Amino acid sequence: MVLSFFDQFMSPSYLGIPLMALALILPWTLYPKPTSQWISNRVLTLQGWFINRFTQQLMLPLGRKGHKWALLLTSLMVFLITLNMLGLLPYTFTPTTQLSLNMGFAVPLWLATVLIGMRNQPTIALGHLLPEGTPTPLIPVLIIIETISLFIRPIALGVRLTANLTAGHLLIQLIATAAFVLAPLMPTVALLTATLLLLLTLLEVAVAMIQAYVFVLLLSLYLQENV
Amino acid sequence: MADRPVPIVEKRLLDVKLGELVTWIGGRDATPNGIFAALRRGHDRYYNKYINVKKGGIGGIAMLLVGYVAISYLWEYDHIKHDRWRKYH
């Protein structure tokens, strides 16, 4: 059986249980619950500091009404960042490379922001479809363009996350295979490739964190327009 | 001087004699509640020993991650075993 490079994204299952289930449950087990002790252990302290800082930063542009979304957005961010980072470990499965999962996050949340805007302030929400200061002849075209842009947002959110992570994993696999195959033939070139692989892995760590952050940030932006 | 006799199923695993092993396994609580209770006990033991300490290091989480890598390898072995060093792929 020939293995293609895309096989790492197949959802494997063992004894009927898919590895996706384990990969999705694992982030929940990695974050301990805060206790009522005054000084907790190091992991809890770091976790509490990070979550507080992040929520404060995220909620800055949102008004009072947007604060209802704090729990959802922060937990989404923590979940995505943990899934992405865990996927960089060898042999693990990254659920966020599956388009179905990312669309499952993007579409309902985006739709929620649009419906909230339409329900609470329909005039302002529809007003977003026409930027200020447009010349009069351009208005019909621009409204169509802005509507298309509005409907593309969930697709863009989901596909952005999927594509970034999938591309990163594929690159790592390709360059690793290259370094491995070159090692007995041209050791110097293999060494250069190995250095490239190291740099790429560092990039992937950064991308993993950044993509999760971008996802949540854009959602908060859409919320800010509509809340 | 001798301890009070304890029922076999209530002993801890390392105290069970080899001959009593089957009785011990058969008598354990295998209902979903029992399984959750066992997982919770295991989790609490690990957490309180390695993570919930004043100066915990990276070892607590590192062991978890290495275990996760090992389990993932096991889970995917059937698929990975085709990726061996061959002359013709």
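At 0% relative accessibility, A:Thr113 counts as buried, where buried means under 20% relative accessible area, exposed over 50%, and partly exposed in between, with a 1.4 Å probe and protein chains only. Before I continue, a word on the source: this is a predicted model, in which local features need pLDDT of at least 70, side-chain atom pairs count only at pLDDT 80 or more, and totals for chains, interfaces and linings use all residues. Residues are numbered from 1 along each chain as its sequence is written, chains are lettered from A and ligands numbered from 1 in the order in which they are written, and side-chain values use heavy atoms, with hydrogens and water left out.

Let us return to A:Thr113. This residue is placed in helix 4 of chain A; helices (H or I, at least four residues) and strands (E, at least two) are DSSP runs, numbered from the N terminus. Neighbours within four places in sequence aside, A:Thr113 is in contact, meaning heavy atoms within 4.5 Å, with A:Trp69, A:Leu219, A:Tyr222, A:Leu223 and A:Asn226.

Apart from residues up to four places away in sequence, A:Leu219 touches A:Leu73, A:Leu76, A:Leu109, A:Trp110, A:Thr113 and A:Leu157. Its C-alpha atom is separated by 47 Å from that of A:Pro187, 32 residues apart along the chain.

That brings me to the nonpolar cores. A nonpolar core is a set of buried Ala, Val, Leu, Ile, Met, Phe, Trp, Tyr and Cys residues joined through side-chain atoms within 4.5 Å. The largest one has 28 residues, and those with the most contacts inside it include A:Leu157, A:Phe215 and A:Leu219. Helix 2, helix 3 (70-86), helix 4 (99-120), helix 6 (139-182) and helix 7 (187-226) of chain A each supply at least two residues of this core. Helix 7 of chain A provides the largest share, seven residues. A second, separate core of nine residues includes A:Leu19, A:Met20, A:Leu86 and B:Trp75.

I turn now to the interface. Here 27 residues of chain A are in contact with 24 residues of chain B. The two chains, A and B, bury about 2500 Å² between them, 71% of it on carbon and sulfur atoms; buried area is the accessible area (1.4 Å probe) that two parts lose on being put together, summed over both. Strand 1 (13-14), strand 2 (17-18), helix 1 (19-30) and helix 2 (42-59) of chain A each supply at least two residues of the side of chain A that touches chain B. Helix 1 of chain A gives the most to that side, with five residues.

On the chain B side, B:Glu76 lies in the loop between helix 3 (59-75) and helix 4 (77-80) of chain B. B:Glu76 is buried, with a relative accessible area of 12%. Leaving aside neighbours within four places in sequence, B:Glu76 is in contact with A:Pro12, A:Leu19, A:Tyr91, A:Thr92 and A:Phe93.

How many salt bridges are there between chain A and chain B? The count is zero, a salt bridge being a side-chain nitrogen of Lys or Arg within 4 Å of a carboxyl oxygen of Asp or Glu. Over all chains, the search finds one. B:Arg40 forms a salt bridge with B:Asp44, the closest N and O atoms being 3.4 Å apart. Because they are four residues apart in helix 2 (residues 32-51) of chain B, B:Arg40 and B:Asp44 are separated by about one helical turn.
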